Amino acid sequence: MAKFLAALLGCTLPSKGASPRLESKSHSQVGLKSSTKQKGTIFSTLAGEKSSSDYKKEQRWTPVYCGLAAACLKSPLIEKPGGKESMPQTPPFSAMFDSSGYNRNLYQSAEDSCGGLCYHDNNLLSGSLEALIQHLVPNVDYYPDRTYIFTFLLSSRLFMHPYELMAKVCHLCVEHQRLSEGDSDKNQMRKIAPKILQLLTEWTETFPYDFRDERMMRNLKDLAHRMASGEETYRKNVQQMMQCLIRKLAALSQYEEVLAKLSSTATDRLTVLKTKPQSIQRDIMTVCSDPYTLAQQLTHIELERLNYIGPEEFVQAFVQKDPLDNDKTCYSERKKTRNLEAYVEWFNRLSYLVATEICMPVKKKHRARMIEYFIDVARECFNIGNFNSLMAIISGMNMSPVSRLKKTWAKVKTAKFDILEHQMDPSSNFYNYRTALRGAAQRSLTAHSSREKIVIPFFSLLIKDIYFLNEGCANRLPNGHVNFEKFWELAKQVSEFMTWKQVECPFEHDRKVLQYLLSVPVFSEDALYLASYESEGPENNIEKDRWKSLRSSLLGRV
């Protein structure tokens with residue numbers, strides 16, 4: 001994980017001649033694994049077929065304790081849920097915030113004025129960890145705002161294991177129930193039970209992967225059944241919640257099995273060439289001649305993989321030791337970032353696939369045609385809002401084995417490619433890209449079709465932004481309080497991603513194209529150089545020596 005993070009945080013758009021792998025300053029690389037949804041998705045369709053050291057920052061960050069308030073504009077207070085028998089309703093993620101910003105205005109219960117929570121203009125800024133936990137748990141007169149629930153469940157893992165938080169929540173809920181049972185008015189119990197069940201529903205729907213831990217699942221079942229005892233309506237709600245959670249966990253397991261199978265069947269393209277004449281090798285254009293169709297199928301893969309990234313993975317990637325905990329590094333032994341890593345590895349695979357397809361053809365005119373084909377694919381990805389595939393394609397075309405093919409590039413009309421490179425220019429902190437991303441996000445908010453809703457960010461840059469937000473602001477204030485103002489901003493960034501990843505892809509599946517993209521062997525970096533030298537000979541002594549070395553090691557001849 002440490003190597004993955006170090007590599008990821010060093011990422012920039014590779015200039016011509018660079019490797020697309022996400023590298024740190026020390027050139028550590030992200031290893032290529034193979035990198036779904038439930039029955040009927042891309043990956044379940046293909047399942048049955050063959051197919052470190054810590055990051056060292058260049059500059060030290062001075063802890064920032066506040067100052068993020070201006071980033072989140074106010075929106076109306078969310079009312080407490082009412083009704084005796086009905087469960088509070090869970091709004092969709094898009095309802096948690098609007099274009100004006102993330103909702104940080106919270107209803108303050110009577111206990112908050114002396115419960116260790118600090119507010120300014122009705123915004124929660126900080127609090128002790130225990131007070132924040134108590135603020136999470138509903139009682140007869142209070143139910144927490146959904147934005148608070150999401151923010152605290154997301155950030156609390158920086159201070160404690162999710163199962164430890166669940167244990168504390170269970171204890172508080174049982175205490176509230178016990179106090180209600182002692183009341184002569186049984187309506188008190190009817191008021192609190194649906195609120196507690198709703199809190200559990202929020203947790204299981206938004207952070208389902210937490211419940212792969214048996215301790216979490218055990219506490220969930222115990223508390224849910226305790227709250228539902230004696231009420232048929234509540235029992236049905238518990239049953240529905242558990243069934244939904246089990247389906248999500250089963251889908252995740254299936255997704256991981258497919259990834260493992262794709263990884264185990266991955267073969268270096270050069271190995272295939274040794275046993276199969278190049279003249280009968282397929283290339284991407286024989287499988288999918290239309291660049292617009294390929295861009296759509298890439299978007300399918302991107303959205304499927306995004307869908308399996310849990311919001312907690314953004315936080316767990318950066319978990320460090322809690323300064324107030326002398327015994328352990330919180331959650332360090334159980335960093336669950338496999339889906340996040342698998343998505344970054346898909347970026348690497350796509351970059352290498354692009355470079356492989358360009359370097360494979362023997363004839364110069366075929367290589368030039370392949371480059372122009374991928375330029376058209378990249379342009380359509382931009383139009384769709386699929387910035388991750390766009391960047392991977394540009395990175396593949398900027399790899400050294402491709403960029404050195406000067407005779408090939410001389411036959412390419414590069415005007416469109418220059419425009420795309422300008423849009424993804426890393427200068428000024430990717431200013432052009434960020435402008436385009438804001439435009440796509442705005443289009444998504446006002447979309448009249450599912451296609452217009454698509455926003456797939458350049459994922460490695462998103463991770464980098466979240467990392468520096470985490471590093472630039474302290475988790476704790478000098479008085480020991482949790483710096484909740486920081487976590488509002490963190491939640492705002494992650495929740496925006498949560499909205500984007502829930503978009504349904506509007507394009508039809510092309511099974512043949514998807515299978516090719518996910519399972520076709522690609523060249524390693526050395527094999528790419530060898531193919532490049534075979535296509536256009538070495539230009540200097542260094543290249544000649546490398547060519548001879550590669551021919552000897554990879555082909556067994558000089």
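Q: What makes H4 and H21 roughly perpendicular to each other?
A: In this predicted model, helix H4 (residues 146-155) and H21 pack at an angle of about 100 degrees, with their axes 9 Å apart. Angles of 65 to 115 degrees count as roughly perpendicular, under 35 as roughly parallel, over 145 as roughly antiparallel and the rest as oblique, so H4 and H21 are roughly perpendicular. The axes are lines fitted to C-alpha atoms, for helices over the stretch in contact, and the angles run from 0 to 180 degrees between N-to-C directions.

Q: Which residues of H4 and H21 meet, and how do they divide into nonpolar, polar and charged?
A: With contact meaning heavy atoms within 4.5 Å, the residues of H4 that meet H21 include Tyr148, Phe152 and Leu154, and those on the side of H21 include Phe484, Trp488 and Met498. The residues of this contact divide into 11 nonpolar, 4 polar and no charged, where Ala, Val, Leu, Ile, Met, Phe, Trp, Tyr, Cys and Pro count as nonpolar, Asp, Glu, Lys and Arg as charged, and the others, Gly among them, as polar. Ring pairs also link Tyr148, Phe152, Phe159, Phe484, Phe487 and Trp488 into a cluster.

Q: How do you know that the span of helix H21 agrees with its number of residues?
A: The expected span is 1.5 Å times one less than the number of residues, so the 18 residues of H21 (residues 484-501) should span 26 Å, and the end C-alpha atoms, 25 Å apart, agree with that.

Q: Why is H13 called oblique to H20?
A: Helix H13 (residues 338-359) and helix H20 (residues 459-472) pack at an angle of about 135 degrees, with their axes 10 Å apart. That angle makes H13 oblique to H20. In this contact Leu340, Tyr343 and Val344 in H13 meet Phe459, Ser460 and Ile463 in H20, and the residues divide into 5 nonpolar, 1 polar and no charged.

Q: What makes the pair of Phe314 and Phe459 tilted?
A: Rings of Phe, Tyr and Trp (its six-membered ring) pair if their centres lie within 6.5 Å, and planes under 30 degrees apart count as stacked, over 60 as edge-to-face and the rest as tilted. The ring centres of Phe314 and Phe459 are 5.9 Å apart and the planes stand at 55 degrees, so this pair is tilted. The pair links distant parts of the chain, with Phe314 in helix H12 (residues 312-316) and Phe459 in helix H20, 145 residues apart.

Q: Why is the aromatic pair of Tyr467 and Phe468 called edge-to-face?
A: The distance is 5.2 Å centre to centre and the angle between the planes is 80 degrees, which gives the pair of Tyr467 and Phe468 its edge-to-face label.

Q: How do you know whether Tyr467, Phe468 and Ser428 are buried, partly exposed or exposed?
A: Buried means under 20% relative accessible area, exposed over 50%, and partly exposed in between (1.4 Å probe, protein chains only). Tyr467, at 3%, is therefore buried, whereas Phe468, at 24%, counts as partly exposed, and Ser428, at 61%, is exposed.

Conventions
Residues numbered from 1 in each chain as written. Predicted model: local features only at pLDDT ≥ 70, side-chain atom pairs only at ≥ 80, totals over all residues. Heavy atoms only, no water. Helix = DSSP H or I, 4+ residues; strand = E, 2+ residues; numbered from the N terminus.
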